[in-house]
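Open the model in your viewer and keep the sequence panel beside it. We will go from one selection to the next.

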Amino acid sequence: MQKFEPIKLDKETTDGTVRNLDALYQLFPSCFTEAPDALGKVHRAVDWQKLRSLLGEYIEDGEPEKYDFTWVGKRAAQREAAAPCRKTLRPCPEESVDWDTTQNLYIEGDNLEVLKLLQNSYMGKVKMIYIDPPYNTGNDFVYHDDFAQSAEEYDEHNLDDEGNRFRKNTDSNGRFHSDWCSMIYARLMVARSLLTEDGVIFISIDDNEVENLRKISDEVFGSDNFVANYIWEKKKKPSFLNANIGTKTEYIICYSKDRTLLGALSVDTTEEGKKYPFNNAGNSIANLTFPKGSVKFNMKDCVVEPQDMSEGNIITSLENELHIVNGTNENDFTLRGEWRYSQAKLDEIVANKEGIVISKIPFRPNHIKQGGEVKKMHNLLSIDNYKIGTNEDATAEQTKILGKNYFDYAKPSTLIQLLVKASTYCEPDAIIMDFFSGSGTTAQSVFMLNAEDNGNRKNILVQLPEKTDEESEARKDGYDNICEIGKERIRRAGKKIKADSPLTTQDLDIGFRVLKCDESNYKPVAFAPKDYTQESLDMFLDNIKEERTGLDLLFDCMMRWGLELSLPYETQKVDGCTIYNVDDGNLVACFDGVVTSAVIDAIAETHPLRVVFRDSSFTEAAQKMNLFELFKQKCGWTDQEVQNNVRVI
């Protein structure tokens with residue numbers, strides 16, 4: 001009988017350096033070898049000489065002059081971005097809204113730590129990120145990151161007199177710009193991994209750091225993936241920086257993970273054009289007349305010849321980017337997207353002997369001017385008849401929802417709604433993230449857009465629970481930290497949206513699951529031999545902290561095993577044990593007592609993909625072997641499947 005020893009789930013996030021090595025190995029496996037580390041343990045390593053020979057002349061060998069952007073602390077920021085995180089995300093149903101059904105998340109904690117913790121579950125899944133980070137004006141807070149320290153040293157080092165884990169970055173600081181650059185650089189490096197391949201990030205910024213942000217983003221995302229630097233009019237009247245000049249604009253920097261996969265970022269249309277929406281759920285474009293040759297299909301993997309697209313003569317059906325069908329059904333037209341051009345505009349384009357090209361599905365048309373210049377619809381932030389909003393509007397909006405204005409520099413929901421709409425117009429189920437969420441405007445914006453187009457976009461908001469000033473109106477009104485304000489704003493905004501349109505928002509998800517970043521669920525069990533005591537030896541019998549609940553352990557397992565933290569779950573009691581069933585068998589867990597055959601029977605009936613137990617549930621090796629055989633019999637698993645599908649903590 002094969003010996004069965006369940007594999008333990010990791011207790012920390014993957015080291016970013018290991019991820020980089022894995023990516024490099026996929027490209028250059030011949031450049032890897034094995035070498036011992038300082039303790040003599042053999043590990044995978046890069047053979048630098050082989051890599052040099054493959055890259056040839058493209059190796060930079062320490063030449064005295066080269067183009068580079070650096071600052072004091074950049075290497076430390078790179079290490080911090082790659083360093084593993086041993087913390088966890090603890091669920092707080094009592095502070096949540098619609099805990100059991102919502103697909104939205106509100107996470108309290110240091111956003112660098114939270115981004116790392118989300119990597120397993122959300123890597124490559126976030127379509128759009130919007131952030132409004134500190135602007136570095138001289139009084140903005142900068143996170144103090146140092147993952148080289150122990151947890152105790154880290155916490156103590158980052159607590160100021162008021163208990164805040166950050167500090168003001170005043171302009172008297174000798175590393176004024178460097179500290180800000182390190183802060184944003186590390187976070188963008190981790191955030192990039194969460195974006196889909198055609199994902200996009202928008203970053204609000206002002207004149208103080210816009211140039212540095214562009215250079216940092218060029219390095220993190222690649223200069224070829226720069227999309228635009230939008231100018232946003234933040235004020236109705238200018239504020240004077242000095243006696244000579246006033247300003248009323250800021251910037252929104254936009255990058256894509258892969259610009260070649262990104263569609264047009266625009267929501268512009270005319271009143272006439274609104275008569276001709278076109279998507280799978282909307283109206284047909286058969287009411288428009290397309291003269292032969294006016295529309296060209298130039299897809300990534302193929303070129304489709306110009307078609308006669310006039311009514312009754314449509315002969316091409318494009319089902320997706322890789323599969324093209326030349327059908328015989330004259331009315332078989334299944335392009336998915338939004339047309340947005342009126343007949344008058346189409347006639348004008350044809351009269352000018354110009355054309356329209358469609359290069360991507362879901363599509364939006366791009367107008368080809370004479371001479372070959374591509375004219376996309378309008379600048380995203382210069383759209384006629386679309387309310388962008390200003391800081392004054394954001395103040396009025398907060399006051400209307402909360403009764404007072406607690407944030408001086410919040411963004412208007414209409415601005416963020418526009419950005420979300422432009423980047424997810426054909427992806428109504430997309431995930432939107434904001435990891436400097438402040439007052440929670442992004443969540444409200446997503447709710448508003450979903451209510452407008454019947455979408456099901458999900459939002460993930462992250463915010464450090466920064467203490468409110470003791471003399472502030474927020475503290476006087478009972479808000480001890482920013483997160484409390486943000487959560488209340490989201491609660492009230494969601495209720496208002498539903499109240500304003502009760503007939504069309506019955507199924508609108510205005511809830512959110514609250515999770516809080518906290519120390520690991522596990523006791524520290526690594527000691528030097530001289531430090532072992534009877535108490536430390538007892539930890540090996542049960543390494544879970546006493547105050548942690550089964551729900552704490554469940555969400556930690558979901559996070560470690562890469563399941564989205566918004567998935568639904570059910571519970572049932574069997575032999576005095578609680579069984580958690582996540583997403584109809586996607587993950588089934590039991591953290592109580594001794595696991596009996598009745599518990600295994602109940603788990604097997606769920607047809608699980610993954611199973612997790614508490615290691616302390618098995619006091620003898622024979623129990624583990626019995627578990628092994630029961631899963632083989634009841635789930636029809638092979639030996640290898642049991643090894644792959646069963647974990648312990």
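Start with S1 and strand S28 (residues 646–648), which pair in the parallel sense over two bridges; strands are DSSP runs of E with at least two residues, numbered from the N terminus, and two of them pair if DSSP finds at least two bridges between them. Zoom in on isoleucine 7, and you will find arginine 647 of S28 opposite.

A word on the model: it is predicted, local features need pLDDT of at least 70, side-chain atom pairs count only at pLDDT 80 or more, and totals for chains, interfaces and linings use all residues. Residues are numbered from 1 along each chain as its sequence is written, and side-chain values use heavy atoms, leaving out hydrogens and water.

Now widen the selection to the open sheet of six strands, ordered S1-S28-S27-S26-S25-S24 with mixed pairing. Strand S1 (7–8) and strand S24 (569–574) stand at the edges with a single partner strand each, so one side of each has no neighbour in the sheet.

Next, select strand S21 (residues 431–434). Which residues lie on each of its faces? Ile431 and Met433 are on one side, Ile432 and Asp434 on the other, and all are buried (under 20% relative accessible area, 1.4 Å probe, protein chains only).

Isoleucine 432 stands opposite methionine 128, and its bridge partner in S22 is asparagine 459.

Note on methods. Buried < 20%, exposed > 50% of the residue type's maximum accessible area, 1.4 Å probe, protein only. Helix = DSSP H or I, 4+ residues; strand = E, 2+ residues; numbered from the N terminus.
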